[in-house]
Amino acid sequence: MIDFTDVNILPWLIPVGPLLAFLIIAVVTNRGKATPADQIGSYGHYTPAYGSLQVGVVSDFGRVASIVVGMAGAIWAWVISWYVAFQAMGIYHFGEDTIFANRIDWMATGLTSFRMGVLVDPLTVTMLVMVPLAVTMIFIYSIGYMASDPRQARFFALISLFAGAMLTLVVADNLLLLFVGWEVMGLCSYMLIGFWFEKRSAYNAAMKAFMTTRVADVVMLLGIAYLYFATGTLSFREILYNKEVLDALASTPALIFTGTSAAAIIAIFLIIGTIGKAAQFPLHVWLPDAMEGPTPVSAMIHAAAMVSAGIYAIIRMYPLLEAGGHPHSGEFSAPLLLMAVVGAFTALFAATIAVAQNDVKRVLAYSTISQLGFMMAALGIGAYIAAAFHLITHAFFKALLFMASGSVIHAMEHGEHHAHHAAHDHDDEHGHDHGHETVPAVMYDEHGHPVAEAHDAHDAHGHDDHGHHFDPQDMMNMGGLSKRIPVTWITFLIGGLSLAGFPLITAGFWSKDEILADAWLGTKELFGPHALVFFLLAIAAFLTAFYTARQLCLTFLGEPRTEAAKHAGLGGRRSIVSITMQLPLIILAFFAIFAGFVGVPTDFPILGGIFSPNGIVFKEFVKYSLIAELRADAPPFDWIPVLTSFAVALGGLGLGYLMYGRRPLTAGEPDPLVRILGPMHGILKNKYYFDELYQIVLIKPAQAVSAFVADMIDRGVIDGILHLIGRVSAWIGDLAKTFNLWLIDGVGDGIPMGIARFGGWFRKLQTGRVQNYLLLAALFAIIIGMVFAVSVGAAAN
Amino acid sequence: MIPIWLYLTVGAALFCIGMYTVMSRRTAVAILMGVELMLNAVNINLVAFWRYGEQLTPAGGAVIAGQAFAAFVLVVAAAEAAVGLAIIIAVYRNWRSVEVDDVDLLRW
């Protein structure tokens, strides 16, 4: 009997909850009833073209049951994860001698066997604290955000699978299991980005995400295969916590590019996997398009799961990446250099694009790419702890920001609907409390659950009726929302300040500061990569603060620039939508501030003494994930990186406020950036034309090759061969048929026909004349007599 | 003593006459009469062979097999005639004819 109270075995159970939830929802509770498609409102503000078709719409019961099951799965994972995490935190020097691990023989491979298992070390613990919390918040948020979607049950099934895969990845003790979770997440992201697949742009985005990450995943799989070939194991503990294996890998020449070591090639392969998953340059293109999915999915992908998994994987593999180099003394292995350069470049590159975006979610998407670049660059210069720390804090504030932006979008859609109504019959209610007048917009079923919001149906028709397209995500359409949705405004502000790294009180400040401190340490010693990382990240951080300020000001400050913004709201303070969409924001806002205080440098004036008198809490905990040789000391306190952090954060925020906040844009006024940046603005707005470039360089040729292959190879050669085989077969068949007709049928028919003919002849004997019979009898009697006589005569002789 | 071949010749002649009658006549009654002739030809042969063969058993008893056979044949012939005539009468009732060619109901 398995002892589930054993904390070594418990981690197995963490992913089980969401995975079970997925199964149950998919198999049992996702029950729909056929409804004509034109009566169900819209899918993500897109009315399907197949109006009269019957489509499955989840029943009210199925909807509620699916939510309950999904939430149960998420909370299951949360409870067990935190239990395990707190058990681990209670152990002195957890990770050095004690870890929670359990393995089973999964597959016999000749003399040895491949073992699968779970591993909880300090790094896993940090993820176990962050992931289930963020996931649960996203689940709660989805209840409100997807309340009017006809496929909410399906959504919960997929997002449960997504969460299950992420948790599998986190507790995996080997690369293969990690890769399984990795790929399942790839699948889920595909299905969730394309959740509103009636919308052409959504399924294009889904395909783009899937294809882009697939390219990287193949390379990563190569790396895994090579690692297994080189070491005979994929277990993290056996490879990464084992100096001999690491040294052996670092000193073995690689099979290809023999100038480098096996460790370097494997590491580069794995990093390429991460570049795809964590959307680093040049495979960043899928992430902004992933905004086509519902906003909870964006939060899931950008914060809790997908991209974090990419960074988590390389943080996890860090000892291997570093093998053969020593970044703290200026010796860089090739993978580290690659990460430093790609990460720093991506951080800056994506930040510049984010500056010129007007879509509230796209700004955040590019900021995610940029922040992931921070982590990648941090890891590239050996700042293992800083990268992990930023991963956690970023997850909190980015989940918060995404959900807050979703809340903004929801409010804008609401306002858009209301603006149309106001034009007809609500003119007199402008001054009233918004919550009061919008309560009827949500209809409740007998469970007290909102089943459909009238505005959705209206929205779909509204577009057609009025012949104009309103983009609820465009920040130019917003303004002044702080008065309409104050909870969202405050939480968005907290998330934004954390993202911008507002000094001292936000989590983002401490994690970014730690990266910069590590980078400055090397810069002082004139290490090239450190300097590159320090300066690029400083500029990127400045831009981050700037575009965050721009976003906050454009969205929330000033006067509403459209009718929709004027009427924006979440449907009443007490509505389910409002509560479920804002409660997670408040909880995450708490973490977006306080999560940072576990990473305050010890010798930081005043605060260091309060929060980390015995060394940085986070660092002292996580560093035992590494073998002793790799544990670096915390950088000594230095005013330069701290002041840089202060300067870039406050400078960026200040500049943003000066441009957008002091005198907010009025309706129809162009973005002042357009004037300042001139033609550069167009380039940034169009993301350096990367999509167009890829369109020309990769997609067009790929399509041409595909067309060629389809035409020549497929239709010509393969079909030709098939046709030839077909024709030969037909010919052989004809031959066999002829043979059959002639011989087999000839014999088969011939025998009965012969018998029939014989019978026809033979029956003529039956004349019916007694004399004939007698004559024959006499004749035979005479013959027999003669034979008898002759034979007797012969015998006598 | 009259040589045996004379008896056999008479028997053979009688048999041939009977057989010819059976083969050639179409009336069932005549056919029956032919059959009687053939049976009696056989009887002649039986009795003739008995007369010219061993008449005593080694134990000194009389051998009467030929006569006994002849007597059996007579009885059987009588029975046959009775059954045959009965059939002929039954046929006549149905067909109003005793011509054997007319009775061809079971012919193909």
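Visitor: How do helix 3 and helix 4 of chain A cross, and at what angle?
Guide: In this predicted model, helix 3 (residues 60–89) and helix 4 (residues 122–145) of chain A cross at roughly 160°, and their axes come within 9 Å. Axes are lines fitted to C-alpha atoms, for helices over the stretch in contact, and angles run from 0 to 180 degrees between N-to-C directions. Helices (H or I, at least four residues) and strands (E, at least two) are DSSP runs, numbered from the N terminus.

Visitor: Parallel or antiparallel, then?
Guide: Helix 3 of chain A and helix 4 of chain A are therefore roughly antiparallel. The classes are roughly parallel under 35 degrees, roughly antiparallel over 145, roughly perpendicular from 65 to 115, and oblique for the rest.

Visitor: Left-handed or right-handed?
Guide: Helix 3 of chain A passes helix 4 of chain A in a left-handed crossing; that is, the near helix is turned anticlockwise from the far one by less than a right angle, whereas clockwise would be right-handed.

Visitor: Which classes of residue make up that contact?
Guide: The contact of helix 3 with helix 4 of chain A has 19 nonpolar, 3 polar and no charged residues. Ala, Val, Leu, Ile, Met, Phe, Trp, Tyr, Cys and Pro count as nonpolar, Asp, Glu, Lys and Arg as charged, and the others, Gly among them, as polar.

Visitor: What about helix 5 and helix 6 of chain A; how do they pack?
Guide: Helix 5 (residues 152–171) and helix 6 (residues 175–193) of chain A have axes 8 Å apart and pack at an angle of about 160°. These two helices of chain A are therefore roughly antiparallel, and helix 5 passes helix 6 in a left-handed crossing.

Visitor: Which residues make the contact there?
Guide: On helix 5 of chain A they include A:Leu158, A:Ile159, A:Phe162 and A:Leu169, and on helix 6 of chain A they include A:Leu177, A:Trp182, A:Cys188 and A:Met191. A contact requires C-beta atoms, placed from the backbone, to lie within 7 Å. By class, the contact of helix 5 with helix 6 of chain A has 16 nonpolar, 2 polar and no charged residues.

Visitor: And how do helix 2 and helix 5 of chain A cross?
Guide: Helix 2 (residues 16–29) and helix 5 of chain A cross at roughly 155°, with axes that come within 7 Å. Helix 2 and helix 5 of chain A are therefore roughly antiparallel, and their crossing is left-handed. Among the contact residues are A:Phe22 and A:Ile25 of helix 2 of chain A, and A:Phe156 and A:Leu161 of helix 5 of chain A. The contact divides into 12 nonpolar, 3 polar and no charged residues.

Visitor: Changing topic: where is the cis peptide bond?
Guide: The cis bond joins A:Phe281 and A:Pro282, with omega about 5°. A:Pro282 lies in the loop between helix 10 (262–277) and helix 11 (286–289) of chain A. The place of A:Ala279 is also the loop between helix 10 and helix 11 of chain A, and phi of A:Ala279 is near 55°, a positive value in a residue other than glycine.

Visitor: How many residues does the contact take from chain A and from chain B?
Guide: The contact takes 10 residues from chain A and 8 residues from chain B. The chain A side divides into 4 nonpolar, 4 polar and 2 charged residues.

Visitor: Which conventions apply to numbering and confidence?
Guide: Residues are numbered from 1 along each chain as its sequence is written, while chains are lettered from A and ligands numbered from 1 in the order in which they are written. As this is a predicted model, local features need pLDDT of at least 70 and side-chain atom pairs count only at pLDDT 80 or more, whereas totals for chains, interfaces and linings use all residues.

Notes. Contact = placed C-beta atoms within 7 Å.
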